[in-house]
Amino acid sequence: MTSDAPPRWDRRMQQRLARGEAAALGELYDRFASLVHNLAHRVLQDEEAADRVTREVFGYAWENPDAYDPKQGSLRSWIATLAHRQAVHRLREAEARAAVEPTRTQEDIEERIREASVAARADYIVTSMPAPLRAALELAYFDRRDYRQAAAELGVTEVEARRRLRLGLQLLATANVPPPDSVPPPGYGRAL
């Protein structure tokens, strides 16, 4: 999302955080803590490490509200980007410490990081996709419904059910496309 004006909630939240309103941090946490924790857990596969990343992300947002650039995207995207980068940073640190084991090669470590990144991006894509697409995918994947059964349960035509499934799968397919390795935009630091 690259619009000139960010959503009003995002602008107000950034202003409240910049003023040091503790209630704003609580509201931000309530809104995005599960997203941050789930992304971190998906990458790190460790509850304590995901808790630590969650605290670090919200601590960073509290201490650096001006690092968020509304022109780069929504506050939700910024928070998710911080979570993903911090989790990958933590994973790289942990893997580097474990690299002294002779059974692990650098390629194994990078492959695990890549797989965790793809999984985290897929989680983020699913949680941020429109509810109709997500509902169709959930019926197809979790409940093993075909497009006809999904259409009946969703109360839409079969053509619409196929369209929703196709669009949802196309969005998910982008999870396997690595993000560009270029310099991150200002305010979206590599690691917190």
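Buried means under 20% relative accessible area and exposed over 50%, with partly exposed in between. The exercises below concern a predicted model.

**Exercise 1.** Classify Asp123 by its relative accessibility, then do likewise for its salt-bridge partner Arg42.

Solution.
- Asp123 has a relative accessibility of 24%, which lies between the two cut-offs, so Asp123 counts as partly exposed.
- The side chains of Asp123 and Arg42 form a salt bridge, with an N to O distance of 3.2 Å.
- This bridge links distant parts of the chain, as Arg42 lies in helix 2 (residues 22–44) and Asp123 in helix 5 (residues 106–128), 81 residues apart.
- Arg42, at 36%, also counts as partly exposed.

**Exercise 2.** Determine how Glu93 and Arg90 are placed in helix 4, and state whether each is buried or partly exposed.

Solution.
- A salt bridge joins the two side chains at 3.7 Å, N to O.
- Glu93 and Arg90 are 3 residues apart in helix 4 (residues 75–98), so about one helical turn separates them.
- Relative accessibility is 31% for Glu93, which is therefore partly exposed.
- For Arg90 the value is 26%, again partly exposed.

**Exercise 3.** Describe the salt bridge between Glu160 and Arg164, and classify Arg164 by accessibility.

Solution.
- The closest N and O atoms of this pair are 2.9 Å apart.
- Glu160 and Arg164 sit 4 residues apart in helix 8 (residues 158–173), separated by about one helical turn.
- Arg164 has a relative accessible area of 14%; this is under 20%, so Arg164 is buried.

Note on methods
Residues numbered from 1 in each chain as written. Predicted model: local features only at pLDDT ≥ 70, side-chain atom pairs only at ≥ 80, totals over all residues. Heavy atoms only, no water. Salt bridge = Lys/Arg side-chain N within 4 Å of Asp/Glu carboxyl O. Helix = DSSP H or I, 4+ residues; strand = E, 2+ residues; numbered from the N terminus. Buried < 20%, exposed > 50% of the residue type's maximum accessible area, 1.4 Å probe, protein only.
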